[in-house]
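The stops below are meant to be followed in order.

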Amino acid sequence: MTVRPILTFPNNLLRKRAIPVKNIDDEVKGLIKDMRDTLLEASGIGLAANQIGVLKRIVVLNIPDQVEMSVFINPEILHKSGRREVSEGCLSFPGYSGIVNRSVSVTVRHIDEAGGKIKITAEQLLSQALEHEIDHLNGILFIDHLKEHEMLSLSVPDYRPHSHDLNVSVDVTEEGKGSEFNEKLYTKIKVEDLKEALSRAHILKEAE
Ligand SMILES: [Zn+2]
């Protein structure tokens with residue numbers, strides 16, 4: 001099991017466009033395995049390869065109630081429909097969330113781990129997660145979608161290790177783990193840097 005550190009804002013690799021995968025070779029398979037391990041450790045919903053510093057177009061999703069994690073190689077949104085407001089967070093912004101606009105449904109084309117060409121139409125959390133993660137592959141972050149005059153708020157008063165990526169109804173106060181940091185994923189310094197960067201970007205709500 002290899003958990004890789006998750007990059008936090010404002011790391012510039014999060015702003016780079018990832019490159020399409022040409023062959024699903026051992027290196028790509030190893031990367032996917034590490035992405036699964038990292039997502040599991042983070043109790044997250046989605047992870048794009050950029051977030052662990054690899055500029056390849058690969059996304060791993062772990063949607064609650066789905067039996068297995070799903071892997072999307074070279075995912076591409078073919079069609080979007082509808083518009084809704086949702087609360088959202090990101091593993092690269094541990095502890096923060098904001099209100100963004102997302103589609104009601106998206107149709108996505110991608111390649112699976114076995115090399116099969118797949119096309120799916122997703123709704124609800126899966127749709128939101130696909131938009132969020134495919135954005136990552138294009139260097140776009142959820143803060144770019146914050147509604148006008150909206151700012152980020154601290155969704156977890158004392159950030160605790162197992163944060164969540166997109167905001168579903170996860171009870172973050174259970175287990176009484178307090179404000180420890182998961183040092184496999186983030187160092188305290190990185191998280192402090194994040195707060196500093198967010199306040200400089202003027203997208204942080206005050207007095208949290
Ligand atoms: Zn994210």
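Begin with the largest nonpolar core of this predicted model, and select M35, A49, I58, V59 and V60, which among the 43 residues of that core touch the most other members. If you then colour by secondary structure, the elements that give two or more residues to this core can be picked out as α1, β1, β2, β3, β5, β6 (105-111), α2 (124-137) and α3. In soluble globular proteins, nonpolar side chains tend to be buried together.

Keep A49 selected and display its contacts: leaving aside residues up to four places away in sequence, A49 touches A18, L31, M35, V54, K56 and I58.

Next, select helix α1, residues 26-42, whose 17 residues reach 24 Å from the first C-alpha to the last, close to the 24 Å expected at 1.5 Å a residue. Which residues of α1 are buried? They are L31, I32, M35, T38, L39 and A42, and because they cover an arc of only 130 degrees around the axis, they lie on the same side of α1. Turn to the other side of α1 and you will find D26, K29 and G30 exposed.

Now move to the open sheet of three strands, which are arranged in the order β4-β5-β8 with antiparallel pairing. Its edge strands are β4 (84-89) and β8 (153-154), each of which pairs on one side only. Select β5, residues 96-102, together with β8, and you will see two antiparallel strands joined by two bridges; within this pair, Y96 stands opposite L154 of β8.

Continue to helix α3, residues 188-200, where 13 residues reach 19 Å from the first C-alpha to the last, close to the 18 Å expected at 1.5 Å a residue. Just after α3, select H202, which takes a positive phi of about 55 degrees.

Finally, clear the selections and view the whole chain, which has three helices and eight strands and follows, along the sequence, the pattern α-β-β-β-β-β-β-β-α-β-α. Of its 208 residues, 36% are buried, and among contacts with a separation of 6 or more, 69% come from residues 24 or more positions apart.

Definitions and conventions:
Residues are numbered from 1 along each chain as its sequence is written. This is a predicted model: local features need pLDDT of at least 70, side-chain atom pairs count only at pLDDT 80 or more; totals for chains, interfaces and linings use all residues. Helices (H or I, at least four residues) and strands (E, at least two) are DSSP runs, numbered from the N terminus. The expected span of a helix is 1.5 Å times one less than its number of residues. Two strands pair if DSSP finds at least two bridges between them. A residue is buried if 20 or more other C-beta atoms lie within 10 Å of its own, exposed if 12 or fewer, and partly exposed in between; C-beta atoms are placed from the backbone. The arc is that of the directions from the helix axis to the C-beta atoms. A nonpolar core is a set of buried Ala, Val, Leu, Ile, Met, Phe, Trp, Tyr and Cys residues joined through C-beta atoms within 7 Å. Two residues are in contact if their C-beta atoms, placed from the backbone, lie within 7 Å.
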